[in-house]
Amino acid sequence: MPKKKMLLMKGNEALAEAAVHAGCRFYAGYPITPQNEIPEYLSRRMPEVEGIFIQAESELAAVNMVYGAAAAGARAMTSSSSPGISLKQEAISFLAGAELPAVIVNIQRGGPGLGNITASQADYFQAVKGGGHGDYHCMVFSPFNLQEMWDLTMRAFDKADQYRTPVMILGDGVVGQMMEPFHPTPYKRPRLPRKSWVLNGAKGRGPRVVRSLCMGTGELEQRNLILQKKYELMKKQEVMCEEYDTKDAALIVVAFGIAARIGLSAVKELRKEGRKIGLFRPITLFPFPAKQIAALSGKGRRFMVIEMNAGQMVEDVRLAVNGKADVQFYGRPGGVVFTPEELYGKLKSAYGRRG
Amino acid sequence: MATTLTLKELSKKEDRFTHGHRMCSGCGAPIVVKIALMATDYPVVISNATGCLEVSSCISEFTAWNVPWIHTAFENAAATLSGVETMYRSLKKQGKMDREVKFIAFGGDGGTYDIGFQSLSGAMERGHDMIYICYDNGAYMNTGIQRSSATPLGADTTTCPAGSVIPGKLRSRKNLTKIMAAHNIPYVAQASPSHWQDFAKKVQKAHEIKGPKFINVIAPCNRGWRSKTNDAILLSRLAVNTCYWPLYEIENGTTKITVTPKQKLPIVDFLKPQGRFKHLFSPENEGLLTQVQDEIDREWEKLLKEAKTD
């Protein structure tokens with residue numbers, strides 16, 4: 001078997017290069033740690049592919065440049081970290097309302113407020129429940145290694161175009177900053193609907209309108225119903241998750257992103273010692289793999305949710321389980337990264353506890 | 001409450017910005033802060049935008065600030081201070097406070113020229129009684145030397161990297177001092193830590209003027225400028241003597257040059273010691289170097305004319 005070509009890069013750079021591979025030719029950003037490698041990399045890379053790099057004067061400006069570029073039909077991306085993503089929320093709501101495809105990257109850091117610059121998962125609610133005003137969701141991907149930083153970034157652009165929706169990549173300071181080898185999967189463009197709505201000049205055709213302002217009677221409700229239909233379709237078609245040793249597990253650990261990566265080390269260790277423990281990892285956080293979790297509940301199983309926050313995804317797990325299983329939670333808020341040893345201890349005692 | 005500006009007198013004063021902060025060695029920003037706070041005996045309240053100065057001076061549980069100090073997000077130093085200053089005026093009006101307190105906002109060029117510009121402009125237009133002091137090091141140094149709208153033409157930064165295709169930043173810096181003057185506020189000035197007396201006098205003067213004031217101060221950053229750690233004062237002096245950073249003030253619309261270089265030096269004297277301009281000295285970038293000099297000459301001539309007519 002021929003050896004796979006591997007790349008060694010920083011997570012943020014892998015994401016940036018994957019975007020270029022996926023045909024992203026418009027990027028607007030603004031400095032904030034720990035995502036600076038994305039704008040820095042693209043400031044060098046975009047000119048090489050005749051793409052556009054713009055450093056804006058603020059996060060607001062960057063995301064609104066993406067709004068403009070998306071309306072003109074470009075595959076457009078912006079990135080930031082938690083406080084900067086808060087500033088972008090108005091425009092993300094506009095993107096969702098106007099049904100414009102765009103990729104928004106959040107390399108999360110500790111919050112609230114200015115918080116700190118270490119990795120965190122405290123923006124889960126903001127990412128999956130809407131974030132800005134109005135009834136909308138972004139599709140949200142949660143990479144847990146650099147292979148996924150690469151693959152999910154390319155997928156994010158396709159899904160944004162397919163559903164005409166903003167897609168968020170919810171990373172964190174660890175996956176953004178770490179280096180590890182990954183296979184640079186070549187980009188294969190799927191069949192996507194033609195962008196028949198693009199604002200590219202009305203010469204020879206009728207005018208088009210892209211907007212989120214719907215003032216006519218009932219117009220806004222109709223727009224909302226269209227959005228809701230889209231979200232229902234995503235729930236049917238786009239859920240991604242991964243299970244490790246869940247079949248015979250008495251205790252299932254549920255974690256996303258880097259928490260799952262660290263959790264997996266602890267779970268593997270406990271398995272080796274003969275404990276029936278498994279891990280369930282949502283890869284899409286919206287749509288959330290509620291059905292898959294529901295299917296695992298019952299049969300006397302217990303769940304343990306681990307997150308690098310004060311307990312956010314655990315709410316969705318509890319909704320999915322719907323009372324059919326005991327759901328415990330262990331979290332570290334404030335930009336604290338778990339150690340595998342710490343999780344080993346927590347999971348061991350959770351396993352030992354007879355529910 | 002003006003302090004006597006002699007080194008002997010100043011050395012007797014208690015530090016209002018103390019040692020123990022974690023700014024890089026050789027950084028210009030803490031020198032700017034020290035001079036600004038030294039210049040007055042008034043009680044002061046500081047608001048600080050996010051940036052090197054803020055993160056390095058308030059590492060958890062510690063503070064280098066010997067004065068009341070408030071920090072909010074990157075874009076809000078002027079807005080937050082507007083709130084503080086307004087509350088102070090209200091308390092005064094209600095008779096709950098009678099002390100004369102002065103308000104100073106500190107922000108870097110990213111937090112002042114770019115993301116904080118809106119709140120700065122708003123605070124100046126509303127007429128809050130404060131001094132906004134920008135320490136301008138010409139890039140987002142705190143996040144890793146990304147270009148800002150204060151980054152000079154031709155400089156190499158991590159988001160306008162100099163290479164074989166693009167010779168660093170392609171745009172000239174924005175003249176924020178003049179933009180602030182266009183707000184028609186009572187006092188606007190430019191200062192440099194190399195001319196500390198001139199700077200301190202400007203701060204003193206500003207404190208005695210009611211209303212919004214703006215002082216733009218050059219603050220060398222050896223990390224971003226790729227210069228020697230002991231060159232902050234030398235480089236800020238060169239900035240003045242090459243007329244890259246003229247020292248002047250605009251008081252009630254009247255422009256006055258406060259320090260005229262004895263001999264105007266060529267801009268290369270300022271650029272050469274800085275690694276961020278290294279590529280400008282290769283033959284293919286000669287044109288850019290001329291452009292930089294021309295721009296400085298033009299701006300300086302303009303300023304001379306303004307000072308003369310005023």
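Helices (H or I, at least four residues) and strands (E, at least two) are DSSP runs, counted off from the N terminus. With that settled, let's look around this predicted model.

## Two cis prolines in chain A

Most peptide bonds are trans. The bond between A:Phe286 and A:Pro287 is cis, with omega at about 0°. You can find A:Pro287 in the loop that runs between β12 (284-286) and α10 (290-296) of chain A.

Another cis peptide bond links A:Gly111 to A:Pro112, again with omega at about 0°. Here A:Pro112 sits in the loop between β5 (102-108) and α5 of chain A.

## Two residues with positive phi

Most residues other than glycine have a negative phi. A:Asn322 is not a glycine, yet its phi is positive, near 50°. Look for A:Asn322 in the loop between α11 (313-321) and β14 (326-331) of chain A. Is A:Asn322 buried or exposed? Its relative accessibility is 59%, and exposed means over 50%, so A:Asn322 counts as exposed.

Over in chain B, B:Cys243 has a positive phi too, about 65°, without being a glycine. B:Cys243 is part of the loop between α10 and β7 (247-251) of chain B. At 4% relative accessibility, B:Cys243 falls under the 20% cut-off and therefore counts as buried.

## How chain A's two domains meet

Chain A splits into domain 1 (7-237) and domain 2 (242-352). Taken over C-alpha atoms, the centres of these domains are 28 Å apart. How many residues of domain 1 of chain A are in contact with domain 2 of chain A? The count is 33, and they meet 29 residues of domain 2. The size of an interface is often given as the accessible area lost when the parts come together. For these two domains of chain A, about 2,400 Å² is buried, with carbon and sulfur atoms giving 59% of that. On the domain 1 side, A:Gln121, A:Tyr124 and A:Phe144 lose the most area to domain 2; together they make up 34% of what that side buries.

Now for the charges and polar groups. Three salt bridges cross this domain interface. A:Asp316 and A:Lys129 form a salt bridge, and their closest N and O atoms are 2.6 Å apart. There are also 17 residue pairs in polar contact across the interface of the two domains. Several elements of chain A supply at least two residues each to the domain 1 side, including α6 (146-163), β7 (166-172) and α8 (219-237). Sorted by type, the domain 1 residues that touch domain 2 are 18 nonpolar, nine polar and six charged.

## Where chain A touches chain B

Between the chains, 17 residues of chain A are in contact with 18 residues of chain B. About 1,200 Å² is buried there, and carbon and sulfur atoms give 62% of it. Which residues of chain A lose the most area to chain B? They are A:Glu40, A:Gln55 and A:Leu114, together 38% of what the chain A side buries.

The elements giving two or more residues to the chain A side are α2 (37-48) and β3 (52-55). α2(A) gives the most, with five residues. Chain A's residues on this side divide into eight nonpolar, five polar and four charged.

## Inside chain B

Helix α2 (residues 29-38) of chain B is mostly covered, with seven of its ten residues buried. Among the buried ones are B:Val32, B:Val33, B:Ile35 and B:Leu37. The buried residues of α2(B) pack against several elements of chain B, including β1 (44-48), β4 (130-136) and α8 (196-208).

Why does B:His207 count as buried? Its relative accessibility is 2%, and buried means under 20%. Leaving out residues up to four places away in sequence, B:His207 touches B:Thr40, B:Tyr42, B:Val44, B:Lys102, B:Ile104 and B:Ile131.

One more stop is B:Asn241, which lies in helix α10 (residues 232-241) of chain B. B:Asn241 and B:Asp269 are 28 residues apart along the chain, and their C-alpha atoms are separated by 9.3 Å. Again not counting residues up to four places away in sequence, B:Asn241 touches B:Pro261, B:Gln263, B:Lys264 and B:Leu265.

Technical notes. Residues are numbered from 1 along each chain as its sequence is written. Chains are lettered from A and ligands numbered from 1 in the order in which they are written. This is a predicted model: local features need pLDDT of at least 70, side-chain atom pairs count only at pLDDT 80 or more; totals for chains, interfaces and linings use all residues. Side-chain values use heavy atoms; hydrogens and water are left out. Domain bounds come from an automatic or database domain assignment. Contact means heavy atoms within 4.5 Å. Buried area is the accessible area (1.4 Å probe) that two parts lose on being put together, summed over both. A salt bridge is a side-chain nitrogen of Lys or Arg within 4 Å of a carboxyl oxygen of Asp or Glu. A polar contact is a pair of N or O atoms within 3.5 Å; within protein, one must be able to donate a hydrogen and the other to accept it, and residues adjacent in sequence count only if both atoms are side-chain atoms. Ala, Val, Leu, Ile, Met, Phe, Trp, Tyr, Cys and Pro count as nonpolar, Asp, Glu, Lys and Arg as charged, and the others, Gly among them, as polar. Buried means under 20% relative accessible area, exposed over 50%, partly exposed in between (1.4 Å probe, protein chains only).
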